[in-house]
Amino acid sequence: MLDRSFSLRLSTFLLLSSMLSFPIRGAADPNPKIGRYETDTKECSYTDSTQDSIPCITLQLKGRSPSVVAVQLISQGTTENSRRQLTFVTFTTQGESPLTCSTGTCRLDAESWQSTVSSVAEASFNSNGIATGLPKAWAAKSGECSLKNRVLRCSALHFNGEIYQAEAHL
């Protein structure tokens, strides 16, 4: 009968030697389309669920996959240091995300880009970054976002007829 320590060493040796037959890779390669790009805008506004035109100050593009990008427009809230945001979740059917990312930080490299809007969401946050109520989200009946000449435009039609629009000059 084999000694248990010898058996354990033999098992370990066999496991390690079998691993050598597989290619060794370093750390997982970061996905070049997943991460966040953020910039202040030169001119920006969006239409929210009340159908009011809201001036925005910041644009974020969040790459969730090579074809899914969330376009988030951020504005001042009703109290000091609070904020509101409108988000268009898009799905690119031709080509890929306009972002090039490394370790979660992205650059906007595309000169033009077009995608279909799948949903729209609104949220508000107080000065501590805590949500003031539940975020609201709706599936879009139709809509698109496009980037051309450093201007990002999004529009979406809700099933109830409301129209969400945004325009940000970068």
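Which residue forms a salt bridge with R36, and how far apart are the closest N and O atoms? The partner is E38, and the closest N and O atoms are 3.6 Å apart. This is a predicted model, in which local features need pLDDT of at least 70 and side-chain atom pairs count only at pLDDT 80 or more, while totals for chains, interfaces and linings use all residues. Residues are numbered from 1 along each chain as its sequence is written, and side-chain values use heavy atoms, with hydrogens and water left out.

**Salt bridges**

- The structure holds four salt bridges (a salt bridge is a side-chain nitrogen of Lys or Arg within 4 Å of a carboxyl oxygen of Asp or Glu).
- In the pair of R36 and E38, R36 counts as partly exposed at 42% relative accessibility, and E38 is also partly exposed at 42% (buried means under 20% relative accessible area, exposed over 50%, and partly exposed in between, with a 1.4 Å probe and protein chains only).
- Another salt bridge joins R107 to D109, with 2.9 Å between the closest N and O atoms.
- R107 is partly exposed at 49% relative accessibility, and D109 is partly exposed with a relative accessible area of 41%.
- E167 forms a salt bridge with R153, the closest N and O atoms lying 2.9 Å apart.
- Because E167 lies in strand β12 (residues 163-169) and R153 in strand β11 (residues 151-158), this pair ties together parts that are 14 residues apart in sequence (helices, H or I of at least four residues, and strands, E of at least two, are DSSP runs numbered from the N terminus).
- E167 is partly exposed at 27% relative accessibility, and R153 is partly exposed at 42%.

**The loop residue S82**

- S82 lies in the loop between β5 (68-76) and β6 (83-91).
- At 6% relative accessibility, S82 counts as buried.
- A polar atom of the S82 side chain lies 3.4 Å from the backbone nitrogen of T78.
- Not counting residues up to four places away in sequence, S82 touches S75, Q76, G77, F125, N126 and S127 (contact means heavy atoms within 4.5 Å).

**The largest nonpolar core**

- The largest nonpolar core has 30 residues, of which L59, L61, V71, L73, F88 and V120 touch the most other members (a nonpolar core is a set of buried Ala, Val, Leu, Ile, Met, Phe, Trp, Tyr and Cys residues joined through side-chain atoms within 4.5 Å).
- Strand β10 (residues 136-148) supplies the largest share of this core, four residues.
- Leaving aside neighbours within four places in sequence, L73 is in contact with residues including C44, Y46, L59, F88 and A166.

Definitions and conventions
A polar contact is a pair of N or O atoms within 3.5 Å; within protein, one must be able to donate a hydrogen and the other to accept it, and residues adjacent in sequence count only if both atoms are side-chain atoms.
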